[in-house]
Amino acid sequence: MTSTIQQTMLPPFHINFTCPHCGAVRQVPEQYVGQSGACNTCGGAITIDANTVPSLPRVSMVSQPRSWYRERLRYFEFCRENYALARAQFPPVENDAHWQQRIQEAVRCEDPAEQVASWERLVAEEIPWSVAYEYLVHHYVKERDYERAYYYCSVYFSSERWMNPQCVGGSHTLLKTMRKLDKKLNLEE
Ligand SMILES: [Zn+2]
């Protein structure tokens with residue numbers, strides 16, 4: 001028995017909207033796209049425009065076979081034992097100064113909801129570093145929103161970013177958490 005049925009189990013989506021007047025970021029449920037109103041922070045007139053804000057990627061939340069996890073664990077082991085070689089083989093992260101600055105901005109957010117929104121916006125922008133995914137997975141596990149936590153694991157492993165040897169610690173943590181969530185959500189065969 002396979003679990004492709006879980007593909008429809010995506011959590012409700014929010015988009016991260018940035019006010020063009022004051023730069024405040026807030027999360028808006030997807031169904032508000034196209035609506036106009038006033039910014040909560042500065043009162044400026046805003047229209048929630050789906051075309052100007054990145055939305056969270058859609059990925060299939062399928063259960064992964066044991067071999068899938070094993071392959072990734074083997075790669076992490078390879079990276080640890082041959083770090084210089086692995087690093088030489090992996091292309092350097094583009095625009096890294098930009099990402100590092102955005103990471104600092106997210107870390108500095110004092111309002112917890114805004115911090116979550118900042119990390120989610122970075123995921124929507126496909127940040128190549130594991131830190132955003134680690135934060136969100138940890139946050140949603142703590143909130144017991146296991147489906148959303150699994151979603152962020154799935155997004156993380158949906159592109160080659162997990163293969164960056166510089167992220168091996170974060171990737172390993174995310175993989176272990178994903179395996180636990182996989183079992184918990186009964187996605188397994
Ligand atoms: Zn504003």
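Okay, one definition before anything else: a residue is called buried here if 20 or more other C-beta atoms lie within 10 Å of its own, and exposed if there are 12 or fewer, with partly exposed in between. Keep that in mind, and keep in mind too that this is a predicted model.

So, how much of the chain is buried? Of the 189 residues in the protein chain, 25% count as buried.

Now the overall layout. The chain has seven helices and four strands. If you walk along the sequence, the pattern reads β-β-β-β-α-α-α-α-α-α-α. As for contacts, take those between residues at least 6 apart in sequence: 60% of them join residues at least 24 apart.

Let's look at a pair of helices. Find helix 1, residues 66-81, and helix 7, residues 168-184: their axes come within 10 Å and cross at roughly 160 degrees. Which way do they run relative to each other, parallel or antiparallel? Angles over 145 degrees count as roughly antiparallel, so that's what helix 1 and helix 7 are. The crossing of these two is left-handed.

And who makes the contact? On the helix 1 side you've got Tyr69, Arg72, Leu73, Phe76, Cys79 and Arg80. Helix 7 brings Val168, Ser171, His172, Leu175 and Arg179. Sort the residues of that contact by type and you get six nonpolar, two polar and three charged.

Next up, helix 3, which covers residues 96-108. From its first C-alpha to its last, this 13-residue helix reaches 18 Å, close to the 18 Å expected at 1.5 Å a residue.

Glu126 isn't a glycine, yet it has a positive phi of about 60 degrees. You'll find Glu126 in the loop between helix 4 (112-124) and helix 5 (131-142). Glu126 counts as partly exposed, because it has 13 C-beta neighbours inside 10 Å.

Then there's Arg144, again not a glycine, and again with a positive phi of about 60 degrees. This one sits in the loop between helix 5 and helix 6, the latter being residues 146-156. Is Arg144 buried or exposed? It has 8 other C-beta atoms within 10 Å, so Arg144 is exposed.

Conventions: Residues numbered from 1 in each chain as written. Predicted model: local features only at pLDDT ≥ 70, side-chain atom pairs only at ≥ 80, totals over all residues. Expected span 1.5 Å × (residues − 1). Contact = placed C-beta atoms within 7 Å. Axes fitted to C-alpha atoms, helices over the stretch in contact; angles between N-to-C directions. Parallel < 35°, antiparallel > 145°, perpendicular 65-115°, else oblique. Left-handed = near helix turned anticlockwise from the far one by under 90°. Nonpolar A, V, L, I, M, F, W, Y, C, P; charged D, E, K, R; others polar.
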